[in-house]
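Colleague: Hi, could you walk me through this one? I'd like to go over it piece by piece.

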Amino acid sequence: MLSRTADHLFWMARYMERAENTARMLDVNYQMSLLPHSAEMAEQGWRSLLGISDLTEDFARRYRGFSAREVMDYMVRDESNPSSIASCLRAARENARAVRGALTTEVWETQNQTWLEFHRQFDGNRFLRDPGECFEWVKFRSHLSRGVTLGTMLQDEAFHFLRIGTFLERADNTARLLDVKFHGVSDEFFGSTGPREKDVEFDFYYWSAVLRSVSGFEVYRKVYRTVLQPEKVAELLILRPDMPRSLMACVNEVVHNLAAVANEQSGETQRRAGRLQADLKYGRIDEILATGLHAFLTQFLDRVNDLG
């Protein structure tokens, strides 16, 4: 396969996954903003969301405040923002068009139709009237794209490069989400440990929002059968190989698909991916928290970007 073709497939999958992840975070933040809290807390929530994608400075240059409407408009429809849903869907479609011959008709038509329908879904009044419905549409289109890929494509090199792109992007996003959310807790890593009764209710909604943004709320209940505890949320999203959006699950998929496309020049790439996999496989959440979650996640992001 030409490296140019592999590159387009890799980025097509990454941009589609990024659009879904952005929609997930916006949806949860929007739902949280409907709960009763101070204007200062609401603004902090939107600032944290921009911080996940390192877009706070760029946003501040263009907009005056950090209101829900301005942030959502910037993260959804602003095509000058490379991380907006509009930019991601356009880039995914353009990458798909460049390698039309490597895709099945169903995969191409799904990508193309998603881009064509986007503007109808997100025109001014409809989007502002019910942002949640529009975010669900983005998630549905991403699920559809992934399902059509799995259901119609030959599992050859093209398929494996698509999967590598998907799981590298997902790992990056989960790590960013965890890092920002743990830093969002004002005093320490843990929400409800200690005699802070007044904050217990806030902590429940806070950590349930983190889990809902990665479709992990029901999974947490099934695995731990206990109240929400930040350290267990971190364990679920970092070390559990059976949690689809955990760092461990994503890295396992990357290693598996890398092996399928490896050649004599792939040794260093596989070494770095395998080492990252081993660190997660034999890691323990108490050790990670003791040495500092922020440092761990920052290093993980650097290694994932280096691998990419």
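Colleague: Let me start with a single side chain: is Phe-66 buried or exposed?

Modeller: Phe-66 is buried, with a relative accessible area of 11%. Buried here means under 20% relative accessible area, exposed means over 50%, and partly exposed is in between, with a 1.4 Å probe and protein chains only. Before we go on, this is a predicted model, where local features need pLDDT of at least 70 and side-chain atom pairs count only at pLDDT 80 or more, while totals for chains, interfaces and linings use all residues. Residues are numbered from 1 along each chain as its sequence is written, and side-chain values use heavy atoms, with hydrogens and water left out.

Colleague: Thanks! Which residue forms an aromatic pair with Phe-66?

Modeller: That is Phe-59, and the pair is tilted, at 5.1 Å centre to centre with 45° between the planes. Phe-59 is buried too, at a relative accessible area of 0%. For the rule, rings of Phe, Tyr and Trp (its six-membered ring) pair if their centres lie within 6.5 Å; planes under 30 degrees apart are stacked, over 60 edge-to-face, and the rest tilted.

Colleague: What about Tyr-220 and Tyr-224, how are their rings arranged?

Modeller: Those two are also a tilted aromatic pair, with 4.9 Å centre to centre and 45° between the planes. They sit four residues apart in helix H11 (residues 217-224), so about one helical turn separates them. Helices here are DSSP runs (H or I, at least four residues), as are strands (E, at least two), numbered from the N terminus. Tyr-220 is buried at 0% relative accessible area, and Tyr-224 is buried at 15%.

Colleague: How many aromatic pairs are there by that rule?

Modeller: The count comes to 12. There is also an aromatic cluster made up of Trp-115, Phe-118, Phe-122, Phe-127, Phe-135 and Trp-137.

Colleague: Zooming out, how many helices and strands does the chain have?

Modeller: It has 16 helices and zero strands. The chain's radius of gyration is 20 Å, close to the 19 Å that the globule rule gives for 308 residues, so the chain is as compact as a globular protein of that length. That radius is taken over C-alpha atoms, and the rule is 2.2 Å times the number of residues to the power 0.38. The C-alpha trace spans about 60 × 50 × 35 Å along its principal axes, and 51% of the 308 residues count as buried.

Colleague: And what domains is the chain divided into?

Modeller: Domain 1 (1-153) and domain 2 (155-307), with bounds from an automatic or database domain assignment. Their C-alpha centres lie 21 Å apart. Across the boundary, 29 residues of domain 1 are in contact with 28 residues of domain 2, where contact means heavy atoms within 4.5 Å.

Colleague: Which residues touch the most other members of the largest nonpolar core?

Modeller: Of its 79 residues, those are Leu-26, Ile-85, Phe-118, Ile-238, Leu-280 and Phe-300. At least three residues of this core come from each of domain 1 and domain 2. A second, separate core has 13 residues, including Leu-9, Met-12, Val-107 and Met-153. By nonpolar core I mean a set of buried Ala, Val, Leu, Ile, Met, Phe, Trp, Tyr and Cys residues joined through side-chain atoms within 4.5 Å.

Colleague: Take Phe-300, then. What does Phe-300 touch?

Modeller: Leaving out residues up to four places away in sequence, Phe-300 touches Ala-171, Ala-175, Leu-247, Val-251, Leu-276 and Leu-280. In soluble globular proteins, nonpolar side chains tend to be buried together.

Colleague: Where is Ser-84?

Modeller: Ser-84 lies in the loop between helix H4 (68-76) and helix H5 (85-98). Ser-84 is buried, at 0% relative accessible area. Beyond four places in sequence, Ser-84 touches Tyr-74, Met-75, Val-76, Asp-78 and Glu-79.

Colleague: Last one: is Arg-126 buried or partly exposed?

Modeller: Partly exposed, at 28% relative accessibility. Arg-126 is in helix H7 (residues 124-129). Setting aside neighbours within four places in sequence, Arg-126 is in contact with Arg-120, Gln-121, Glu-133 and Cys-134.
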